[in-house]
Amino acid sequence: MEDKHLYRETQWDVSAEESRAHHGLVAIGFAVLAVLVIAFCIWTFGGHGGAAWEFEADDALPIMTVKVTGGNTVAAPGDYWYSRDGFVQLQLSGGSIPGEEIERVTYDAALKTLTVKLKNQGDVPTTMDIALPEWRLEPPSGVAVSEVEHVKITYQDGSTNEVAKADGLAE
């Protein structure tokens, strides 16, 4: 008779241990879910600790220039950026059809990095010509353009590339 009682106690102890382990796993699962939800919200709504910048294509902006070997100044041939008074000018190279479009622009003050995410335009044919559209990126209030030290582009496939700063603007 004693053995039956001992068996029931042991069985109850094992069930309690399994129950505590199960509750621990559930708590860890909820913690992971909470972190993912917060990360998704930050990524979706501006992220990187700052408000989203305003942006627009501006064909009236002058093209950017770079210095080449020998000291000559020539038109910048690809993706470049330049800090202007009150905004950052960004030049994106690509085919004229469909053309590069910006989805959002955010700023990470800790890294002094402006991140430009391009729109995913799907699997569409592109032209072989090269277009160099100029974009005006305007900061939200409280952010000085002079604080920007780096500009990164996030492409449709998720890859990123730091963009070189131009040496000047064509006159």
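1. Strand β6, residues 102-108, is mostly covered, with six of its seven residues buried; buried means under 20% relative accessible area, exposed over 50%, and partly exposed in between (1.4 Å probe, protein chains only). Strands here are DSSP runs of E of at least two residues, helices are runs of H or I of at least four, and both are numbered from the N terminus. The model is predicted: local features need pLDDT of at least 70 and side-chain atom pairs count only at pLDDT 80 or more, whereas totals for chains, interfaces and linings use all residues. Residues are numbered from 1 along each chain as its sequence is written, and side-chain values use heavy atoms, with hydrogens and water left out.

2. Strand β6 runs antiparallel to β7 (residues 113-118), and six bridges join the two; strands count as paired if DSSP finds at least two bridges between them. D108 has T113 of β7 as its bridge partner. The two strands form a hairpin with four residues between them, and K112 in the turn has a positive phi of about 55 degrees.

3. Q91 has E134 as its bridge partner in β8.

4. How many aromatic pairs does the count come to? The count is two, where rings of Phe, Tyr and Trp (its six-membered ring) pair if their centres lie within 6.5 Å, and planes under 30 degrees apart are stacked, over 60 edge-to-face and the rest tilted. W53 and Y107 form a tilted pair, 6.1 Å centre to centre with 45 degrees between the planes. This pair links distant parts of the chain, 54 residues apart: W53 lies in the loop between α1 (2-44) and β1, and Y107 in β6. Both W53 and Y107 are buried.

5. F55 and W135 form a tilted pair at 6.4 Å centre to centre, with 55 degrees between the planes. F55 in β1 and W135 in β8 are 80 residues apart. F55 is partly exposed, at 28% relative accessible area, whereas W135 is buried, at 9%.
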